[in-house]
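Have the structure open as you read.

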Amino acid sequence: MSFSFDKEQRLRHRETISDLSAKGSPLFKFPIKAYCLPGGAPVSRYAVAVPKKNFKRAIKRNLLKRRIREAIRLNQAECLDGFAGDYLFVYIAKDVCEYAAIEAAVREILTKSRPQ
RNA sequence: CAGGUGAGGCGCCCUAUCGGGGAGCUGGAUGCUCUCAGGAAAGUCCGGGCAGCACAGGGCGGCACGCUGUGGAAAUCACAGAUGGGCGUAAGCUUAUGCGACUUGCGUAACAGAAAAUGACCGGCCCUCAGGGGCCAAGGGUGAAAACGCGGGGUAAGAGCCCACGGGCAUAUAUGGCGACAUAUAUGCAGUACGCGGCCGUGCGCUGCAAGGCCAAAUAUACCGGCACAUAAGGGUUGCCCGCCCUUUGCCGGGGGGUAGGCUGCAUCAGAUAAAUGAUAGGGGAGCGCUCCGGCGCUUACAGAACCCGGCUUACAGUCUCACCUUUUUU
RNA sequence: GGUGAGGUGGGUGAGUGGCUGAAACCACCAGUUUGCUAAACUGACGUACUCGAUUAGGGUACCGGGGGUUCGAAUCCCCCCCUCACCG
C-alpha cells in the first residue's frame, strides 16, 4: 500500500475545475464540502481550496490546505480501493480545525464517493 | 534595587514514521546525493534595475520635494548637525524650515467685538452759539489672535512722539564654523497671524512582469491552388453580338493574423505556476502560575517567497548586549 | 501579482476649514382621516457617557480607527483597518 502523493495527482487547469464544480456530485461533511466526478485519468486527482474570504492571511490557508492534502494522502488507498476519480475539496468552516477533524471528514467523503 | 530613555541582536531544538518542490548523477524508469522559506517574505508608501511604447532639439504646462554637511544609482532614505515651537524632573522624544517680509503680489481671519488691519464702543482732553465740532489711543471690555514690553521725559489729554534698557526684522563689517548658523559692533526699519493657484531651485516621458517575447487546438476566415455545379445573374474586355476572364454556391488542400491553452520572462545554494518548503507522535530547552518541593498545568509570537534590489511603515510570545537618566538607601 | 476608487443616522446620500450632530428622500414611531386598512397630511425620530429625585431640559464625545497641522477638522497631511472595481 503506497502513501505517495505525486504531481500527477494534482488537478490543474481552470476548465477541469469549473467542470468539476458544475457537474460533479456534491458531498458534504463538516468542515469540508467536496465535488466528485469519476474517470478522467487512471489515477485519482485532487484539488484543494480554502476561500480567501474566510481566511485573510495566507499562512492559515496554507496550513489548512496542507492538512487536507495530508489526510487525502494517508487515506486514499484504503478508502477508494482501486477507484479513480477527480475531486475538489473546499474548506467551509470559519475557524482553523484540528487535523483529527479534517481527517475524519476526508475519510467519510472518500468512502462515500466510491460506487457500491 | 526599582522605574525609565536610546541603539543593536536572537527569534526554539532533537528523534522516529510517512510525504513534497528543485538540481545533479544516467538516453529513460527505479534509485542515490545535494538543497528548500522571512525580519518583516506583509502593506504597496517611495526610489531604482528590467521590459514595451513614445521621442531631432528646446519651451510651456503638470506632479513631487524644499534648513546645512556627508554617504548614496536614487528616494517621503541613513548618519551627524543648525534654528524656532511642544512634551518630559532628566536621559531624551517630537514637529516645522526656500523667496515674497526695512514701506510694494493675492486671499482668509466664522461667532463675539467699536475695530481682524485705512482701528475707536465705553473712555481721556480741548473748543462751543449747548445742537455739536475737533484731538488721542493710555485704561476697560470681546476674542484663538488687538497694533513691541517696561520705566522716564513730554503733552490740553496722549502716543516709539523722544530717550535709556530689553525684544523683533534687514543690511554691512569683524570673529568662529566646510556649512546651516552663532557672537559682537554700526546703520536703518516697524499693523498681526495663517495660507496660496505667485516666484525661485532640484527631480520626473508614459505604462507596468497580468510588462514583453515565442509556440499554438477548435470555430470562423483574408489570400492562394484544385475539383464540382451552372451556362443562371452581375462586372470587365471597343458601341452591339459571339468568345474569353473574374465574382456569386459547395467540397478538398495550403495558409496568415489571432482565441482557448502552453512555454519563456524566472534565478546566483528557494524558484513554484490550483502553486513545494510539510503532517503526526514523543522528548528536551526557555518563560509564567500553583505546589504536599516529588512534580503538575499553561504558553512558545508575528507571520508564508511569486521578476529582482535599496528604503519607509505596520505586526511581533519571549529573551540577550551596550550606553545613559531619575528616585531612594549605603559608603 | 499590479492599478485605481471609496467608507457620513436603520438604508440611499449631500456637505471639502467656522451657527452641521449633520440637508434631502425612504424606513421606523405617534396623531389626523376611515367601519377597518392602504394612500394622503401633520409631528417626532442617532448612539454612548453624564448633570438633573423624576418629567422636561442641558453638557461632553462620536462622520471606519489612531496620530498631526490649526484658535477651530467630517473637510487638510501621515499611518492602519475594511469594501468595491479594473488589468489574462
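Helices, as the word is used here, are DSSP runs of H or I with at least four residues, numbered from the N terminus. Keep in mind that this is a predicted model.

**The RNA side**

With that in place, let's start at RNA strand B. Helix H1 (14-23) and helix H2 each supply at least two residues of the surface near RNA strand B. The largest share of that surface comes from H2, with 10 residues. There are 22 residues around RNA strand B, and Lys7, Arg10, Leu11, Ile59 and Arg73 are the ones that come nearest.

Which parts of the RNA does the protein meet? Of the atoms of RNA strand B within 4 Å of the protein, 64% belong to sugar or phosphate, and the rest belong to bases.

| Protein atom | Atom of RNA strand B | Distance |
|---|---|---|
| Ala58, polar backbone atom | phosphate oxygen | 3.3 Å |
| Glu70, side-chain N or O atom | base nitrogen | 3.1 Å |
| Arg73, polar side-chain atom | sugar or linking oxygen | 2.5 Å |

So much for the RNA; now for the sheet.

**The sheet**

Four strands form an open sheet in the order E1-E2-E4-E3, and the pairing is mixed. Strand E1 (25-29) and E3 are the edge strands, each pairing on one side only. From one strand to the next, the twist averages 20°.

Strand E2 (residues 32-38) runs antiparallel to E4, and 7 bridges join the two; Ile32 has Tyr91 of E4 as its bridge partner. E3, on the other hand, pairs with strand E4 (residues 85-91) in the parallel sense, over 5 bridges.

E3 may be an edge strand, but is it enclosed or open? Strand E3 (residues 45-49) is largely enclosed by the rest of the structure, because 4 of its 5 residues are buried.

**The helices on the sheet**

Helix H3 (residues 99-113) lies across E1, E2, E3 and E4, running at about 145° to E1.

Take Gln76 first, which belongs to H2. Its relative accessibility is 9%, so with the cut-off at under 20% it counts as buried. The side chain of Gln76 makes a polar contact with the side chain of Tyr46, at 2.9 Å. Leaving aside neighbours within four places in sequence, Gln76 is in contact with Ser4, Phe5, Gln9, Tyr46, Asp81 and Leu110.

Then there's Ala105, which is in helix H3. Ala105 is buried, with a relative accessible area of 0%. Which residues does Ala105 contact, beyond its neighbours within four places in sequence? They are Lys29, Phe30, Pro31 and Ile32. For one of these, Lys29, the C-alpha atoms are 5.6 Å from those of Ala105, although the two residues are 76 apart in sequence. Ile32, another residue in contact with Ala105, is the bridge partner of Tyr91 noted above.

Methods:
Residues numbered from 1 in each chain as written. Chains lettered and ligands numbered in written order. Predicted model: local features only at pLDDT ≥ 70, side-chain atom pairs only at ≥ 80, totals over all residues. Heavy atoms only, no water. Buried < 20%, exposed > 50% of the residue type's maximum accessible area, 1.4 Å probe, protein only. Pairing = 2+ DSSP bridges. Polar contact = N/O pair within 3.5 Å; in protein donor to acceptor, adjacent residues only side chain to side chain. Contact = heavy atoms within 4.5 Å. Axes fitted to C-alpha atoms, helices over the stretch in contact; angles between N-to-C directions. Near = heavy atom within 4 Å.
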